[in-house]
Amino acid sequence: MKKQNTQQDIVDYLTSHPCSTEDEIFLGAFGYSRYRRLTHSNKKYAELLRRTLAANKIGRIKVKFKTTDTRMYFRYFIK
């Protein structure tokens with residue numbers, strides 16, 4: 001029987017690993033990395049993260065790591 005992924009898994013992971021990125025949460029809490037498994041969809045995990053944000057259990061901040069990097073990253077934390 002497969003384990004059901006829950007919002008509490010994300011909260012538990014962020015308790016011990018504050019200010020994690022989306023991929024760090026997915027890898028640490030569920031063992032999933034969208035960069036390593038191209039055959040597996042990211043949708044289930046992204047929706048779970050969005051629902052946890054909407055439930056106001058976690059928050060996020062936008063961070064730019066390097067001045068030469070144009071991408072922005074979100075860091076997630078417990079409210």
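The largest nonpolar core of this predicted model contains 13 residues, and Ile 10, Ile 25, Phe 26, Leu 49 and Ile 58 have the most contacts inside it. A nonpolar core is here a set of buried Ala, Val, Leu, Ile, Met, Phe, Trp, Tyr and Cys residues joined through side-chain atoms within 4.5 Å; buried denotes under 20% relative accessible area, exposed over 50%, and partly exposed the range in between, with a 1.4 Å probe and protein chains only. Helix 1, helix 2 and helix 3 are the elements that give two or more residues to this core. Helix 1 supplies the largest share, four residues.

The model is a prediction in which local features need pLDDT of at least 70 and side-chain atom pairs count only at pLDDT 80 or more, while totals for chains, interfaces and linings use all residues. Residues are numbered from 1 along each chain as its sequence is written, and side-chain values use heavy atoms, with hydrogens and water left out.

The protein has three helices and two strands, arranged along the sequence in the pattern α-α-α-β-β. These elements are DSSP runs numbered from the N terminus, with helices being H or I of at least four residues and strands E of at least two. Of the 79 residues in the protein, 33% are buried. Among contacts between residues at least 6 apart in sequence, 37% join residues at least 24 apart, where contact means heavy atoms within 4.5 Å.

The packing of helix 1 may be considered next. The axes of helix 1 and helix 2 come within 9 Å and cross at roughly 105°; axes are lines fitted to C-alpha atoms, for helices over the stretch in contact, and angles run from 0 to 180 degrees between N-to-C directions. The two helices, helix 1 and helix 2, are therefore roughly perpendicular, a class that spans 65 to 115 degrees, whereas angles under 35 count as roughly parallel, over 145 as roughly antiparallel and the rest as oblique. In this contact, Asp 9, Ile 10, Tyr 13 and Leu 14 of helix 1 meet Glu 24, Ile 25, Gly 28, Ala 29 and Phe 30 of helix 2. The residues involved comprise six nonpolar, one polar and two charged; Ala, Val, Leu, Ile, Met, Phe, Trp, Tyr, Cys and Pro count as nonpolar, Asp, Glu, Lys and Arg as charged, and the others, Gly among them, as polar.

Helix 1 also packs against helix 3, at an angle of about 75° with axes 9 Å apart, so helix 1 and helix 3 are likewise roughly perpendicular to each other. Here Gln 7, Ile 10 and Val 11 of helix 1 meet Leu 48, Leu 49, Arg 51 and Thr 52 of helix 3. Beyond residues up to four places away in sequence, Leu 49 touches Ile 10, Glu 22, Ile 25, Phe 26, Ile 58 and Tyr 76.

In helix 2 (residues 22-30), the buried residues are Glu 22, Asp 23, Ile 25, Phe 26 and Phe 30. They lie on the same side of helix 2 because they cover an arc of only 160° around the axis, the arc being that of the directions from the helix axis to the C-beta atoms. Their cover includes helix 1, helix 3 and strand 2 (73-78). Gly 31, with a positive phi near 75°, follows helix 2.

Ser 33 lies in the loop between helix 2 and helix 3. Its relative accessible area is 4%, so Ser 33 is buried.
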